Amino acid sequence: MNFNPPTLQHLAGRSLMKDEALTISALQDLPMQLFPPLFKDAFTSKQSNILKQMVAAWPFPCLPVGGLMETPPHLETLKAVLDGLDLLMKQKVRPRMWKLQVLDLRDAHHDFWKGYTGIQDLVSSLDVIGKTQPVENHPITGGKQVMTVLMNLSFTSRHPSKYIKYFCHWAKQRKNVIQVICQKLEFGAIPAYDSLNVLGVFDLGSIQELEINKCWDMCTLALLAPGLGQMKNLQKLLLKEICITVDWPWDQKTEGLCVKQIFFQFSKLCNLQHLYLNDVYFLNEHLDQVLRCLESPLETLAITHCMLSQSDMKYLSQCPSIHQLKHLDLSGVTFINLSHPFLRSLLERVTATLKTLKLNGCMIMDFQIRALLPVLSQCSQLTEVNFEENSLSMDSLKKLLQHTANLTHLALEKYPAPDEVYDDTGNVIPHRFIQLCSELMDTLKILRQPNHVYFVSKKCLDCHKYFIYNLEAMLCSCWQ
């Protein structure tokens, strides 16, 4: 076992930590390479006074303190770090070695705290962190450089944590000298607080990813919509389980007002590239209003478990924003009552760019999949396809596989088990499942060398597990 004994510098640092007053007085002359290990020790042992002074005296442009934080963060430690920022900002003339510009509260840059071989590694690393952030364009207020705080936030409960409450209160009081950059913002449960008021702490133009993924109602989303419209650099938007509120009186007029408020803000998202809409109530008969607002081409479009009309599919197949689409996911959208030419027209427009196609659980039948085969064979960039949980016969699956012969980039393929593996009650017949899936795999091997290919049954009616065939069969729990 290799063992690297601590250097004299590190031993000196540990000795310093035992005397708080001595440590603080020594910061002015402390070598740069000792700051990170000493700071880590002070942070881990929650020595608030030392932390405060070390933040102020930090000799690099960025302090990636988020890489040290616990989950949930320790409130008193956060207070000490922010007190250090206050101490730094109060300095009319900074000491030459006090160089902090960016406080990074994100869970990132863990490698920085694992130790370096020398001072040049430290300087180079933190210079890179600083230069990748928008510190060069900070406004100047009263002759002072504005300090930047980087963070990603996740509101998982109805009420903000003590950590978030304290930070928001602190930041609001220093709005003229603090710029809060939040690149990723996530909301879980419906907030029992004014979400717009919380957003007021951040530079909304800095938000690149917004996720609302826990059953919000339309009225709550409409209240947040003005903030959404200010996220002009938003690249990814995920909305999941947006429904009708059960607490408010609801009619078509109320619904129309909410939908109008939400859609109006979409027109301001000029940099949106990835759009995920999962189980969103208001899409039906309104998809054109969502997509028409988008100015830039989308790379990812995921409309899943939503009800779409014929007019929605017609617009989707003609939408200007989808011509460069790389990832298309329509899983859970029922096509049994939709005209398949619209889906075919949609695929025809993205044959040159499409990399992933997911159509699982769409109730696609034989006649519909056969109509897609010619255009599917032209999607030469595909790396992943998913057709699980559709009703396809053995003959249709063979034809589908044959039309993938030239798709040499496919790395992951998922297909439904053929209809012939089920008995009259919908249960899988094990020996038939193995026989027919093995035959399909042999068909594919003749055409090309497969990578990861799976044939998956419907859920077992008893144990609710799946039969899966890869290179061998994996039966559900009932047959193991």
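A search of the whole predicted model turns up 15 aromatic pairs; rings of Phe, Tyr and Trp (its six-membered ring) count as a pair if their centres lie within 6.5 Å, with planes under 30 degrees apart called stacked, over 60 edge-to-face and the rest tilted. One of these pairs is Phe39 with Trp58, which is edge-to-face at 5.4 Å centre to centre and 65° between the planes. Phe39 belongs to helix H3 (residues 35–44) and Trp58 to the loop between helix H4 (48–56) and strand E1 (62–63), so the pair ties together parts that are 19 residues apart in sequence. Helices (H or I, at least four residues) and strands (E, at least two) are DSSP runs, numbered from the N terminus.

Phe39 is buried at 0% relative accessible area, and Trp58 is buried at 0% too. Here buried means under 20% relative accessible area, exposed over 50%, and partly exposed in between (1.4 Å probe, protein chains only). Both residues belong to one aromatic cluster formed by Phe35, Phe39, Phe43, Trp58, Phe60, Phe112 and Trp113.

A word on conventions: residues are numbered from 1 along each chain as its sequence is written. In this predicted model local features need pLDDT of at least 70 and side-chain atom pairs count only at pLDDT 80 or more, while totals for chains, interfaces and linings use all residues, and side-chain values use heavy atoms, leaving out hydrogens and water.

| Lysine | Ring | Distance to ring centre |
|---|---|---|
| Lys236 | Tyr276 | 5.4 Å |
| Lys458 | Tyr422 | 5.0 Å |

Next comes helix H7. Residues 162–173 make up its twelve residues, and H7 reaches 17 Å from first C-alpha to last, close to the 16 Å expected at 1.5 Å a residue (1.5 Å times one less than the number of residues). Its buried residues are Tyr163, Ile164, Phe167, Cys168, Trp170 and Ala171. They cover an arc of only 165° around the axis, so they lie on the same side of H7; the arc is taken from the directions from the helix axis to the C-beta atoms. On the other side, Lys162, Lys165 and Gln173 are exposed. The buried residues pack against helix H5 (75–89), strand E5 (147–155), strand E6 (178–187) and helix H8 (195–199), with contact meaning heavy atoms within 4.5 Å.

Finally, the cysteines: the structure holds zero disulfides, a disulfide being a pair of cysteine sulfur atoms within 2.5 Å. The sulfur of Cys168 is 9.8 Å from the closest cysteine sulfur, in Cys182, which is too far for a bond. Cys168 is buried at 9% relative accessible area, whereas Cys270 is partly exposed at 32%.

Definitions and conventions
Lys NZ or Arg CZ within 6 Å of the ring centre and 35° of its normal.
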